Amino acid sequence: SPACWSKRPSPPHKMNNVKSSPWDAVLFDYGRVLSYAPSRDELLDFAALTGVSEAVFFELYSNTRDHYDRGHADYQEHWRRFAEVAEVQIPPATVERMVAMESDMWTRLNPEMLELAREIKSRGLKTAILSNMPFDLLGELRRKFDWLDEFDVQIWSCELGVIKPDAEIYRASLTALDCEAKRALFFDDRPRNVEGALRVGMEAHVFESAAQAREIVERGLSLA
């Protein structure tokens, strides 16, 4: 909880207190930013369950998710559509196994990023999660992570019916935060989602590591 976190000893790299900031809010993607990325071996094992080649799997895994992430399909419909496009048969028992694997792969917290978000909030800035996320996986996140509610705003694509990089989802986030685009900082691991944020006037960076994100935040705050 935030109360418990505030009692921890300050690490040596803790941000210095500042009087002002170039931002009013900092927004984070969830997958591969607040959570760790699945390992290549995990993804290969996952791909093997589908019965398609590695190259086909990685292409279709991203390209068939939009309907799912908008909240317009459950996992059974999503994987049925995947199988149709891939021209394979995926038995229902295998789908259930895949869903369990996917839940495990995408619910591993990156503690350095949560620490950074908490430090940002302690400086008086708002924090938000802005993520393309289907209802099934969102349910798992909410069961496992009570820290989600530490963020001032959570925008999940399935609840809005809109996905990044559509401009509407960024504007909805800014409205919920009561923040001007030019006063918002956003981190996402996918370049097209970063480009979407830039188009609406936000400052945005392709996430590479917790150290990179911390450096951007600390540089901005120290120059404010």
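Leaving aside its neighbours within four places in sequence, which residues is G201 in contact with? Here contact means heavy atoms within 4.5 Å. The partners of G201 are A181 and K182.

## About this model

This is a predicted model, in which local features need pLDDT of at least 70 and side-chain atom pairs count only at pLDDT 80 or more, while totals for chains, interfaces and linings use all residues. Residues are numbered from 1 along each chain as its sequence is written, and side-chain values use heavy atoms, with hydrogens and water left out.

Helices (H or I, at least four residues) and strands (E, at least two) are DSSP runs, numbered from the N terminus.

## Where G201 sits

Let's stay with G201 for a moment. Its place is the loop between helix 12 (191-199) and strand 5 (203-206). G201 is partly exposed, with a relative accessible area of 37%. On this scale, buried means under 20% relative accessible area, exposed means over 50%, and partly exposed lies in between (1.4 Å probe, protein chains only).

Strands of a sheet pair through backbone hydrogen bonds, either parallel or antiparallel. In this model five strands form an open sheet in the order 3-2-1-4-5, and the pairing is parallel. Strand 3 and strand 5 stand at the edges, each with a single partner strand, so one side of each has no neighbour in the sheet. Direction ignored, neighbouring strands are turned by 15 degrees against each other on average. Helix 12 packs on this sheet and touches strand 4 (184-188) and strand 5; the direction of helix 12 makes about 170 degrees with that of strand 5. For such angles, axes are lines fitted to C-alpha atoms, for helices over the stretch in contact, and values run from 0 to 180 degrees between N-to-C directions.

Two strands count as paired if DSSP finds at least two bridges between them. Strand 2 (residues 126-131) and strand 3 (residues 153-156) are parallel and share four bridges, with L130 standing opposite I155 in strand 3. Right-handed means that, with the strands pointing away from the viewer, the path from the first strand over the helix to the second runs clockwise. Strand 1 (residues 25-28) runs parallel to strand 2, and four bridges join them; A128 in strand 2 is the bridge partner of L27.

## Strand 4 and its neighbours

Strand 4 is parallel to strand 1, with four bridges between them, and the bridge partner of V26 in strand 4 is L185. Four bridges also link strand 4 and strand 5 in the parallel sense, and F186 stands opposite A204 in strand 5. The chain goes from strand 4 through helix 12 to strand 5, and this β-α-β crossover is right-handed.

How many residues of strand 4 are buried? Five of the five are, so strand 4 is largely enclosed by the rest of the structure. In a regular strand the side chains alternate between the two faces of the sheet. Here A184, F186 and D188 point one way, while L185 and F187 point the other way.

## Two helix pairs

Two packed helices are described by the angle between their axes and the distance between the axes. For helix 3 (residues 40-50) and helix 4 (residues 54-63), the axes come within 9 Å and cross at roughly 95 degrees. Helix 3 and helix 4 are therefore roughly perpendicular to each other. Angles under 35 degrees count as roughly parallel, over 145 as roughly antiparallel, 65 to 115 as roughly perpendicular and the rest as oblique. Residues in this contact include L43 and F46 of helix 3 and F57 and Y61 of helix 4.

The axes of helix 6 (residues 75-86) and helix 7 (residues 92-105) come within 11 Å and cross at roughly 110 degrees. Among the residues making this contact are W79 of helix 6 and M98 of helix 7.

## Backbone details

A cis peptide bond joins K164 and P165, with omega about 10 degrees. P165 lies in the loop between helix 10 (157-160) and helix 11 (167-177).

E87 is not a glycine, yet has a positive phi of about 60 degrees. E87 belongs to the loop between helix 6 and helix 7 and is exposed, with a relative accessible area of 72%.
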